[in-house]
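Hi,

Here is the structure I promised to pass on. My notes follow below it.

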Amino acid sequence: MAAAGHPSGLSRERQLELYYWMRLTRTLEERLVALYRQTKVVGGLFRSLGQEADAVGSAFALERRDILSPLIRNLGSMLVKGATPVEILKQYMAKADSPTRGRELNIHFGDTERGFIGQISPLGDMVPVMAGVTLSFRMRGEDRVGLVYVGDGATSTGAFHEGINFAAVQRCPLVVVVENNGYAYSTPTSKQTLAKQFIDKAIGYGIPGERADGNDVIASYEVTRRAVDRARAGGGVSLVELVTYRRKGHAEHDNQSYVPDGEIERWEKDNDPITRYIDRLQGELKFKVADVEQVDARVRAEVDAATDEAERSGPPEALDALVGIYADPPREQPLWYRQDVASAVDAHERPEGWGTWQEGGRK
Amino acid sequence: MTAEITYLEAIREALFEEMERDANVFMLGEDIGAYGGAFKVTDGLMAKFGEQRVIDSPISEIGIVGAAAGAAHMGMRPVVEMQFIDFIANAYDMLTNYVATARYRAFLPCPMVVRGPSGGYVRGGPFHSQNPEAGFIHTPGLKVVYPSTAEDAKGLMKSAIRDDDCVLFFEHKYLYRRIKGVMPEGDVTVPIGVARVAREGKDVSIITYAATVYKALEAAELLATEHGISVEVIDLRTLAPLDDEAIEKTVRKTNRVLVLHEDTRTGGIAGEITARINETCFEWLDAPVLRVTAHDVPLPYAPPLEDFVLPQVSDVVRAVRRLAAY
């Protein structure tokens, strides 16, 4: 694993900003857990606990005009790109004024103005999409770069292979980041690939690959920054592997029965990206304890305010389900048996969650 | 008497029994082994049958469906899990171009099953709620089953595994733990291609399958008690091949037909059933065949939106009353 370099390129303000985004990610997710337990989150909840550094550090390497496409553990990347806590909370709670107006779940949303394009659940699909996004940058001669995240699991899909290969051949200004967190749902990396490291795949596509410690936020920033600079300079596609660890299950329901004893605890104790960065801030980078505490207080206040705001929003109107499938017509007509019906049910059932895990063990 | 088990457990029982019965049966899928599957359908299979026969695959739907076809050519009987049936779209090429045509163009049998959790009413959003059966029903060479009861889930899974062609086995995740049944003693299969009368009636027929069978039954009860309308409910169980005989029989009996499904309207199987009734039973009809289906909308996440898009009991009641009034 590459040793973390010296963060000479980052101002002190930016160094502390990295901490802010990581803390915001974690605190916001902790708030989501509380809301999930209160059954205010409608669907599943996906954590990025322990992966905040790779998400934040890599996204931090982009300019405002660049576009990224996150995956399910990239809340931090989206926040860096301008997604707000209140948007995330409303989205999880399926509010009418959530970014997707209740149509999509969790962090599946985007905003091309702010530079992020929402993912879909089938993995790898965003790689060819981002090939096209960056192809358009190249065709128009725009000084812009794209970044797409995949997990270790998504590298096994056909879409990943076709997308990265096409982008490479077209010399698209694209950075493909493999967040290697050890598990795809329950499947360990050893069952995903025989490659010793994911950057070995870069050779087959004829592109550079570079690997770094994804739990070191500055290392994540630096390695991505090199790939971004290369893309911006006309060097085409790069593959970046950020090695990290998924400390929570695939989603909140997952009891991680498949994880060897002690593994999670070991990563938590020895390799928490936020703890590591606090140590660095207060050590090598000479920040005061109070500097860090101020960020923590600011984050708490922001998440509290966002929660209050999100909770005030209501659910969408049933008829809005028919809006926005096409540009023209903008609205579908209700079927005949719903012509004068505001809602076809008296109460919206809350079905049992996805998974099978409840507190106390497996059902 | 044997205890009741859930729809999900019934599927698991079928998988266990078929793997015990035939050493050629094996499982392929994402997270199906050590974890037992996203919904735990395959829980315990790896412990019993080992990693050779319960294979945790990479995230590669094209890969596992294609590999199943190849193994099936060699006499194996693979059962492939799609973690959510929505992801079968990834394997669409393999299924429609390769598997569906294999017997016809190349005399290569594909005795394989592709199964997975399907359907909505679960707040799963656009990629964990789909009912993609229509695209496959439209493809000659594939069989499609979609049971609504625990007994049928087990019996049809056994038939699907023993069938000499590829069977797509849709499991409704809303029913997984809600629906229970007592399994018949012994090795009992339910034949593919045969519908079931879920409720006898004389005034109006509802032809449906999967989760909407229960919407139909609930509506039938309401219609009987509040409106004095006797409703017959036909549970198709198999969508390809369709049980034309059962459809014709109920049309001739009640002369009024509602086709109900959770899939979207345009290009959904209700259109096909309506056309067949029109061709074979026109003179038996006292009213036009009506459809209650989902709206033509990608399935949204928020409960008020999802509930608006999907068919509900009140829709069925309204449509049946309109039919009865003809």
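Chain A has eleven helices and nine strands, counted as DSSP runs (helices are H or I, at least four residues; strands are E, at least two) and numbered from the N terminus. Its radius of gyration is 21 Å, close to the 21 Å of the globule rule for 363 residues, so chain A is as compact as a globular protein of that length. That radius is taken over C-alpha atoms, and the rule is 2.2 Å times the number of residues to the power 0.38.

This is a predicted model: local features need pLDDT of at least 70, side-chain atom pairs count only at pLDDT 80 or more, and totals for chains, interfaces and linings use all residues. Residues are numbered from 1 along each chain as its sequence is written, while chains are lettered from A and ligands numbered from 1 in the order in which they are written.

Now the interface. In all, 42 residues of chain B are in contact with 43 residues of chain A, contact meaning C-beta atoms, placed from the backbone, within 7 Å. On the side of chain B that touches chain A, helix 10 (303-309) and helix 11 (313-324) of chain B each give two or more residues. Helix 10 of chain B has the largest share, six residues.

Chain B itself is divided into domain 1 (5-181) and domain 2 (196-324), with bounds from an automatic or database domain assignment. Their centres, taken over C-alpha atoms, are 26 Å apart. Between them, 25 residues of domain 1 of chain B are in contact with 20 residues of domain 2 of chain B.

Best wishes

Terms used
Contact = placed C-beta atoms within 7 Å.
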